[in-house]
Amino acid sequence: MAEVLQTLLHKSPDRDAPPVNEPPPDDTELMRLAGQGDLAAFEVLVERHQHAVIGTAAKMLGNPSEAEDIAQMVFLRAWKSASRYQPDAKFTTWLMTITRNLVFNEGRRKKRARLESLDLPEDDAHPHRQFPDPSQKSADTEALNTELREAVDRAIAALPEKPRVALILRRYENMPYEEIAKVLKTSVPSVKSLLFRARAQLKDQLAEFL
């Protein structure tokens with residue numbers, strides 16, 4: 001199964017597209033079929049949701065290179081759990097709950113190394129910025145955008161667990177508050193509070209760019 005998932009995670013998403021006049025089954029129906037051992041149905045689920053899982057895992061880990069490994073673990077667990085799946089919540093909520101649990105199991109295992117990396121002092125925390133040469137404007141803009149993206153990723157990775165998950169699911173997956181609350185097993189007001197804290201902390205850490 002792991003080899004199948006590895007292949008799926010690198011396939012083109014438009015493979016075996018359904019006929020135009022035939023609407024594709026929804027996630028719940030596909031999971032019902034997968035629970036009966038229908039691997040083709042599960043392949044559709046992998047192709048449909050792999051980018052969201054990989055992207056979410058990459059943001060939560062702060063290390064995109066490990067995201068595909070986590071995604072394989074997520075879908076492998078989903079396959080093994082398919083026969084027991086109950087559609088009490090949206091499939092994406094259930095899938096992101098698995099993603100969150102696996103990411104933080106992995107994160108706790110590597111916590112010490114990650115914290116040491118985050119605590120390393122910068123060589124120049126506040127570099128002196130000179131007026132750019134107009135001929136270098138495009139290159140400098142690209143470099144600044146890259147620097148900003150890296151700073152945002154570091155700042156997100158430094159957030160506590162629940163605010164980080166809430167922010168990623170809301171900002172990058174556009175998940176409703178109610179679904180985020182189910183993933184985190186908390187209330188909607190608590191989710192809004194977590195998001196407020198996460199945004200405030202990011203604002204402080206990214207003050208240099210604002």
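1. Helix α8 (residues 161-171) packs against helix α9 (residues 177-184) at an angle of about 145 degrees, and their axes are 10 Å apart. The crossing of α8 and α9 is right-handed. From α8, the contact uses Lys162, Val165, Ala166, Leu169 and Arg170; from α9, Tyr177, Ile180, Val183 and Leu184. By class, the residues of this contact are 7 nonpolar, no polar and 2 charged.

2. On terms and source. This is a predicted model: local features need pLDDT of at least 70, side-chain atom pairs count only at pLDDT 80 or more, and totals for chains, interfaces and linings use all residues. Residues are numbered from 1 along each chain as its sequence is written, and side-chain values use heavy atoms, with hydrogens and water left out. Helices are DSSP runs (H or I, at least four residues), numbered from the N terminus. Axes are lines fitted to C-alpha atoms over the stretch in contact, and angles run from 0 to 180 degrees between N-to-C directions. Contact means heavy atoms within 4.5 Å.

3. Alanine 52 sits in helix α3 (residues 39-61). Alanine 52 is partly exposed, at a relative accessible area of 22% (buried is under 20%, exposed over 50%, partly exposed in between; 1.4 Å probe, protein chains only). Neighbours within four places in sequence aside, alanine 52 contacts Met96 and Glu173. Tyrosine 172 is 120 residues from alanine 52 in sequence, but 8.7 Å away in space, C-alpha to C-alpha.

4. Serine 81 belongs to helix α4 (residues 67-81). Serine 81 is buried, with a relative accessible area of 13%. A polar atom of the serine 81 side chain lies 2.9 Å from the backbone oxygen of arginine 77.

Terms used:
Helix = DSSP H or I, 4+ residues; strand = E, 2+ residues; numbered from the N terminus. Left-handed = near helix turned anticlockwise from the far one by under 90°. Nonpolar A, V, L, I, M, F, W, Y, C, P; charged D, E, K, R; others polar. Polar contact = N/O pair within 3.5 Å; in protein donor to acceptor, adjacent residues only side chain to side chain.
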